[in-house]
Amino acid sequence: MDVPLIDLQAQYVSIRDTVRQAVDRVFESQQFVMGPEVAALEAEVAAYCQTSQAIGCASGSDALLLALMALNVGRDDEVITTPFSFFATASAIARLGARPVFVDIDPVTYNLNVDLIPAAITARTRVVIPVHLYGQCADMDRVLAVCRDLVVLEDAAQAIGAEDRGRRAGSMGIAGCFSFYPSKNLGAAGDAGVITTSDFDFASRVRRLRVHGGLTEYQHVEVGINSRIDAIQAAVLRAKLPHLDGWSNARAQKAEVYSRLLEGAKLNFRLDPPFIRTDGRHIFHQYVVRVPEHRDALMDHLKTRNVATKVYYPIPLHLQECFAYLGYKVGAFPEAEKAARETFALPLYPELTLEQQEYVVNAIHDFRP
Ligand SMILES: Cc1ncc(COP(=O)(O)O)c(C=O)c1O
């Protein structure tokens, strides 16, 4: 049996007609940039995320960049974030000439360790970016409490529809930055992203920055970038959005099955299933387990059984070559470094079958360290 990490074909066959109709609609209109599909998607995403505004853009990476630009982050500013995330969380900060200041993670949730934030705050700190890693919200009440005088920007790229005490990801900080990369819970047919916010002035600024800082066409009040969401992507995302809750609930249900099967498997090595907060909604973008010893050997073993696995993320951001100038050394963030060594994701997608999950867990059970 083959168990891929994700099976986008399986999703596509179930929605082929609506996706094709959506794409046809855009071709018939010949309106490929901005226009009614983009406006409609923005309204639908804002409603889904419990915000008054949503602004589409070219990718999740650009969502972060645009949001930081709209907050006037620049040279000499410091932005606090996690070293255990996708590269774009930190590169958006560095691209603007600001300094990423990392804070270690909580080893249980893999999100920012809120207790460590106060010691990282200096007179130059402008923004704090918690990442809702793998689809589970950071503890936003505590983040907001320790960041009272700072702006909190949510990197919600992996967390559309996730909740913290009933509040949706992207609705708790000044704004939320989302990715519609094809493998996300809500994936486009290419790159796309969105920024959610209920701050009208912030939203207006982002709308201007994504069209070269233009107040009107050819009248530029500041230097922005070109980062709009394609109308085709907006139409595809609109076709998929009504399915999102069903897909995310199916992921969560399959995550529960994994955890139950793994518990029952009585493994002779340590494997920690993901921790799930009881006061939130985890949308399980990834199902990540921790294997303190023999992680790589277990992944190799699973590969021989045609079970795909992947490490998110093998090199913490503070140890990336391009950030050597920040001066962080090995050992600076022990929990992030340990997580990079000990964790990996199992296959998880809405169409994964019980038979496939049993096969994966049996293959794990057969592993002899
Ligand atoms: C946490 C996080 N932030 C930012 C991004 C960037 O999104 P994109 O790939 O759409 O540029 C991603 C994408 O994987 C992500 O996972």
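Guide: A residue counts as buried when its relative accessible area is under 20%, and as exposed when that area is over 50%, with partly exposed in between. Please bear in mind that the model shown is predicted.

Visitor: Is alanine 138 buried or exposed?
Guide: Alanine 138 belongs to the loop between strand 4 (125-129) and helix 6 (140-146). The cut-off for burial is a relative accessible area under 20%. Because alanine 138 has 3% relative accessibility, the residue counts as buried.

Visitor: How far apart in space are alanine 138 and threonine 109, C-alpha to C-alpha?
Guide: In sequence, alanine 138 and threonine 109 are 29 residues apart. In space, the C-alpha to C-alpha distance between alanine 138 and threonine 109 is 8.1 Å.

Visitor: Which residues are the closest to the ligand?
Guide: The ligand is surrounded by 15 residues. These divide into 6 nonpolar, 7 polar and 2 charged. The closest are Gly60, Ser61, Asp155, Ser179 and Lys184.

Visitor: How far is an oxygen atom of the ligand from an N or O atom in the side chain of serine 61?
Guide: For glutamine 158, a side-chain N or O atom is 2.9 Å from an oxygen atom of the ligand. For lysine 184, the corresponding value is 2.7 Å. For serine 61, an oxygen atom of the ligand and a side-chain N or O atom are separated by 2.5 Å.

Visitor: What percentage of the area that the ligand exposes when taken alone does the protein bury?
Guide: Taken alone, the ligand exposes 390 Å². The space that the ligand takes is the largest pocket. Of the area exposed by the ligand alone, the protein buries 92%.

Visitor: Which element gives the most residues to the shell around the ligand?
Guide: Two elements give two or more residues to this shell, namely helix 3 (60-70) and helix 4 (88-95). The element that gives the most, with 3 residues, is helix 3.

Visitor: How many of the 11 residues of helix 3 are buried?
Guide: The buried residues of helix 3 include Gly60, Asp62, Ala63 and Leu64. Further along helix 3, Met69 and Ala70 are also among the buried residues. Helix 3 is therefore largely enclosed by the rest of the structure, the number of its buried residues being 10.

Visitor: Which residue has a side-chain oxygen that reaches the backbone nitrogen of serine 61 at the start of helix 3?
Guide: The side-chain oxygen in question comes to within 3.3 Å of the backbone nitrogen of serine 61. The residue that carries this oxygen is serine 59.

Visitor: How does asparagine 306 count in terms of relative accessibility?
Guide: Asparagine 306 is not a glycine, yet it has a positive phi of about 60 degrees. This residue is found in the loop between helix 10 and helix 11. Because its relative accessibility is 42%, asparagine 306 counts as partly exposed.

Visitor: What is the omega of the cis peptide bond that joins tyrosine 312 and tyrosine 313?
Guide: Most peptide bonds are trans. Tyrosine 313 lies in the loop between helix 10 (295-304) and helix 11 (334-342). The cis peptide bond between tyrosine 312 and tyrosine 313 has an omega of about 20 degrees.

Visitor: Is glutamate 337 buried or exposed?
Guide: Glutamate 337 has its place in helix 11. Its C-alpha atom is separated by 8.5 Å from that of proline 314, 23 residues away along the chain. Because its relative accessibility is 8%, glutamate 337 counts as buried.

Notes. Residues are numbered from 1 along each chain as its sequence is written. This is a predicted model: local features need pLDDT of at least 70, side-chain atom pairs count only at pLDDT 80 or more; totals for chains, interfaces and linings use all residues. Side-chain values use heavy atoms; hydrogens and water are left out. A residue is near a molecule or strand if one of its heavy atoms lies within 4 Å of it. A polar contact is a pair of N or O atoms within 3.5 Å; within protein, one must be able to donate a hydrogen and the other to accept it, and residues adjacent in sequence count only if both atoms are side-chain atoms. Accessible areas come from the Shrake-Rupley method with a 1.4 Å probe; for residues, only the protein chains shown count as cover. On a 1 Å grid over the protein atoms alone, a cavity is a set of points where a 1.4 Å probe fits but cannot get out, and a pocket is an open set with protein on both sides within 12 Å along at least five of seven lines; lining residues have an atom within 4 Å of a point. A molecule sits in a cavity or pocket if more than half of its atoms lie within 2 Å of its grid points. Helices (H or I, at least four residues) and strands (E, at least two) are DSSP runs, numbered from the N terminus. Ala, Val, Leu, Ile, Met, Phe, Trp, Tyr, Cys and Pro count as nonpolar, Asp, Glu, Lys and Arg as charged, and the others, Gly among them, as polar. Buried means under 20% relative accessible area, exposed over 50%, partly exposed in between (1.4 Å probe, protein chains only).
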